[in-house]
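Subject: Structure handover

Hi,

Have it open while you read.

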Amino acid sequence: MKAALLATAVFMAPFSVLADPLPSWTESDTKTRIIEFVNAVTDPDSPDYVTPADRISVFDNDGTLWAEQPVYFQLTFAMDRLAELAQADPSILSNPTLEAAAEGDLQAIVDGGHDALIEVVNASHAGVSVEQFQDSVANWLDTARHPDTGLPYDQMTYQPMVELLRYLRDEGFRTYIVSGGGLHFMRVFAEEAYGIPPEQILGTYTDTTYETVDGEPAIIKAPGIAFIDDKEGKPINIERTIGRRPILAGGNSDGDFAMLEWTTAGSGPRLGILVHHTDAQREWAYDRESPIGKLVDGLDKGPEMGWVIVDMAQDWDRIYTGGD
């Protein structure tokens with residue numbers, strides 16, 4: 001019996017070695033470049049070998065690991081949450097902006113700009129403990145469906161990117177999320193969706209206070225944004241929180257440009273990856289003119305800096321983890 005098991009293990013070994021680490025990626029130069037980079041930095045005999053401690057990879061979330069159209073999913077949650085709160089206490093809708101948000105009038109929020117967005121976030125996110133807030137996010141993810149795809153939002157993660165995260169971890173990388181999305185929001189689903197634990201998630205965070213509520217200590221989400229993890233804030237937060245410059249960074253918009261620029265400017269082997277949304281049939285096609293996920297500098301400057309530009313329509317056999 002032992003001999004038979006040994007023979008089976010020997011027979012199967014070459015197949016495990018040759019298994020495709022990125023099965024949802026087409027056989028393209030994009031896939032080849034990613035695999036060649038990973039091979040180079042993980043092979044002890046390679047001149048580009050990087051020790052495991054320095055194999056840090058960072059990824060944006062919205063538009064990079066899951067979809068972001070027609071609006072960031074967290075804003076949809078905020079509007080739905082506001083409508084739910086208003087049913088219990090209509091007085092919470094204290095101005096036209098909040099009334100419009102509770103009615104699902106996205107255009108009114110867009111027209112109101114940054115101030116309108118902050119109003120909606122404050123009204124829907126503040127005044128509860130982190131645990132209570134995250135319970136409301138979990139309940140929303142269980143019940144809400146995307147208006148175009150009909151999928152649960154946490155099934156609109158990108159299968160090729162989930163594979164890439166898994167592949168990197170299998171090769172000794174640590175994978176982090178560095179996103180403009182809310183820290184407490186992403187921590188609800190990221191471990192199950194991506195295999196990334198809460199302590200490896202960097203994001204925008206609101207002000208918080210330490211209070212005793214009904215005799216129990218709690219962290220309470222307060223009105224106001226304490227830190228916006230976007231654009232130049234991303235490398236700042238990486239340096240502050242992780243303490244090592246990544247060797248691989250992935251994004252999809254000009255909000256990620258500084259993170260990829262800083263990552264790839266370091267010494268030694270580096271890789272920047274930009275997801276370009278080119279697939280109007282299976283997802284959405286957008287870049288330079290889009291109010292969500294605008295991509296100009298990355299397209300114009302990324303190639304000369306050696307970044308991999310992922311053509312979603314050409315490079316991915318599959319889009320979402322759910323639905324197909």
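The helix α5 (106-125) gives the largest share of the lining of the largest pocket, ten residues. This is a predicted model, so local features need pLDDT of at least 70 and side-chain atom pairs count only at pLDDT 80 or more, while totals for chains, interfaces and linings use all residues. Residues are numbered from 1 along each chain as its sequence is written, and side-chain values use heavy atoms, with hydrogens and water left out. Helices (H or I, at least four residues) and strands (E, at least two) are DSSP runs, numbered from the N terminus.

Back to that pocket. Its volume is about 1,300 Å³. Of its 48 lining residues, Tyr-72, Leu-117, Gly-180, Asp-230 and Ile-292 are the closest to the centre. Besides α5, the elements that give two or more residues to the lining are α3 (73-88), β2 (174-182), α8 (183-186), β3 (201-213) and β4 (216-227). By type, the lining divides into 21 nonpolar, 16 polar and eleven charged residues. Here Ala, Val, Leu, Ile, Met, Phe, Trp, Tyr, Cys and Pro count as nonpolar, Asp, Glu, Lys and Arg as charged, and the others, Gly among them, as polar.

On how pockets are found: on a 1 Å grid over the protein atoms alone, a pocket is an open set of points where a 1.4 Å probe fits, with protein on both sides within 12 Å along at least five of seven lines, and lining residues have an atom within 4 Å of a point. Grid points are joined across faces, edges and corners, and the volume is the space filled by probe spheres set on the points.

Next, the sheet. Seven strands form an open, mixed sheet in the order β4-β3-β2-β1-β5-β6-β7, where two strands pair if DSSP finds at least two bridges between them. β4 and β7 (308-311) are at the edges with a single partner strand each, so one side of each has no neighbour in the sheet. From one strand to the next, the twist averages 30°.

Two of the pairings are worth a look on screen. β2 and β3 run parallel and are joined by three bridges; Ile-177 has Ile-201 in β3 as its bridge partner. β5 (248-251) and β6 (271-276) also run parallel, with four bridges between them, and Gly-250 stands opposite Ile-273 in β6.

Arg-270 is in the loop between α11 (257-264) and β6. Leaving aside neighbours within four places in sequence, Arg-270 is in contact (heavy atoms within 4.5 Å) with Phe-37, Arg-245, Pro-246, Ile-247, Thr-263 and Thr-264. Arg-270 and Ala-249 are 21 residues apart in sequence and 8.6 Å apart in space, C-alpha to C-alpha.

Helix α7 (residues 159-170) lies across β1 (56-59), β2, β5 and β6, running at about 165° to β1; axes are lines fitted to C-alpha atoms, for helices over the stretch in contact, and angles run from 0 to 180 degrees between N-to-C directions. In α10 (233-241), the buried residues are Gly-233, Lys-234, Pro-235, Asn-237 and Ile-238, and their cover includes β1, β2, β3, β4 and α11. Ser-129, in the loop between α5 and α6 (130-143), is buried at a relative accessible area of 8%.

Most residues other than glycine have a negative phi, and most peptide bonds are trans. The peptide bond from Gln-69 to Pro-70 is cis, with omega near 0°, and Pro-70 is in the loop between β1 and α3. Asp-214 has a positive phi, near 50°; this residue lies in the loop between β3 and β4 and counts as exposed at 78% relative accessibility. Lys-231 also has a positive phi, of about 50°, and is found in the loop between β4 and α10. At 48% relative accessibility, Lys-231 is partly exposed.

Cheers

Definitions and conventions:
Buried < 20%, exposed > 50% of the residue type's maximum accessible area, 1.4 Å probe, protein only.
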